[in-house]
Amino acid sequence: MPPIRIGQGYDIHPFEDGRPMVLGGVTFDTPYGLQGHSDADVLTHAICDALLGAAGLPDIGHYFPNTDPKYKGIDSQELLKEVAATLREKGWEIVNIDTAMIAEKPKIYPRLAEMKAALSQSAGIEPEQIGIKATTNEKIGSLGRAEGIAAHASALIFKK
Ligand SMILES: Nc1ccn([C@@H]2O[C@H](COP(=O)(O)O)[C@@H](O)[C@H]2O)c(=O)n1
Ligand SMILES: C[C@@]1(CO)OP(=O)(O)OP(=O)(O)OC[C@H]1O
């Protein structure tokens, strides 16, 4: 039985007016974005943590500290590329990634194909190996009041 590992990741970022809204490597045309040290791409951060967790490695903040000016405003696809390369160096291959976002806004569905294309390119896999889902929080709690966006991700990896 070859080594096969599962990982999970979670991230949340608050909304901030005037910031770029980047999700899964795609920029949405909105007057608001998400607050963060990087481009605040909450979905890509959850994916990075799921991959790192599956490989038994420390989390995204360990590799890309939010106190390091090098990562200020960075495109999170660069972080995902680095995470995928780290796993590959250790002999891991990605089976699939699945995600769920909780977002009252913006509507994710129309940009789904673009997000899958961007993420799969960064992770070095096919778009079919990535699942992206979104739901509102039905106006319940802080996410339901549209105070921010949360994302969950799972990743399965294996070694030949
Ligand atoms: N930010 C979002 C939220 C939801 N969707 C799509 O709408 C469907 C219905 O959402 P509910 O929260 O009412 O269940 C959902 O299944 C998604 O297809 C979206 O695109 N973006
Ligand atoms: C992505 C990093 C990069 O400094 O910063 P943030 O955009 O603040 O994102 P978060 O998920 O809060 O922390 C992880 C950091 O690695």
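Two strands are taken to pair if DSSP finds at least two bridges between them. Helices (H or I, at least four residues) and strands (E, at least two) are themselves DSSP runs, numbered from the N terminus. With these terms in hand, the sheet can be walked through strand by strand. Strand S5 (residues 93-102) is joined to S7 by 9 bridges, and the two run antiparallel.

The model described here is predicted, so that local features need pLDDT of at least 70 and side-chain atom pairs count only at pLDDT 80 or more, while totals for chains, interfaces and linings use all residues. Residues are numbered from 1 along each chain as its sequence is written, and chains are lettered from A and ligands numbered from 1 in the order in which they are written. The predictor's confidence in each residue, pLDDT, runs from 0 to 100; its mean for the protein is 98, with 99% of the residues at 70 or more. For the complex, the predictor gives an ipTM of 0.91 and a pTM of 0.97.

The open sheet is built from 5 strands in the order S4-S1-S7-S5-S6, with mixed pairing. Strand S4 (32-34) and strand S6 (130-135) stand at the edges with a single partner strand each, so one side of each is left without a neighbour in the sheet. On average, neighbouring strands of this sheet are turned by 20° against each other, direction ignored. Strand S1 (residues 4-17) and strand S7 (residues 148-158) run antiparallel and are joined by 11 bridges. His-152 in S7 is a handy landmark: it is the bridge partner of Tyr-10, and Ala-100 also stands opposite His-152. Ala-153 in S7, in turn, stands opposite Thr-99.

Turning to the helices, axes are lines fitted to C-alpha atoms, for helices over the stretch in contact, and angles run from 0 to 180 degrees between N-to-C directions. Helix H1 (residues 42-54) lies across S1, S4, S5 and S7, running at about 155° to S1. The axes of helix H3 (residues 76-89) and helix H4 (residues 112-123) come within 7 Å and cross at roughly 40°. H3 is therefore oblique to H4, given that angles under 35 degrees count as roughly parallel, over 145 as roughly antiparallel, 65 to 115 as roughly perpendicular and the rest as oblique. Gln-77, Leu-80, Lys-81 and Ala-84 of H3 make the contact with Ala-118, Ser-122 and Ala-123 of H4 (C-beta atoms, placed from the backbone, within 7 Å).

Two ligands complete the picture. A residue is near a molecule or strand if its C-beta atom, placed from the backbone, lies within 6 Å of it. Around ligand 2 stand Asp-11, Gly-36, His-37, Ser-38, Ala-40, His-45, Ile-60, Gly-61, Phe-64, Pro-65, Asn-66 and Tyr-71. Ligand 1 is surrounded by Ala-103, Lys-107, Ile-108, Tyr-109, Ala-134, Thr-135 and Thr-136.

Two backbone details deserve a glance. The peptide bond from Lys-105 to Pro-106 is cis, with omega near -10°, and Pro-106 is found in the loop between S5 and H4. Glu-138, in the loop between S6 and helix H5 (141-144), has phi near 50°, a positive value in a residue other than glycine.

Terms used. Contact = placed C-beta atoms within 7 Å.
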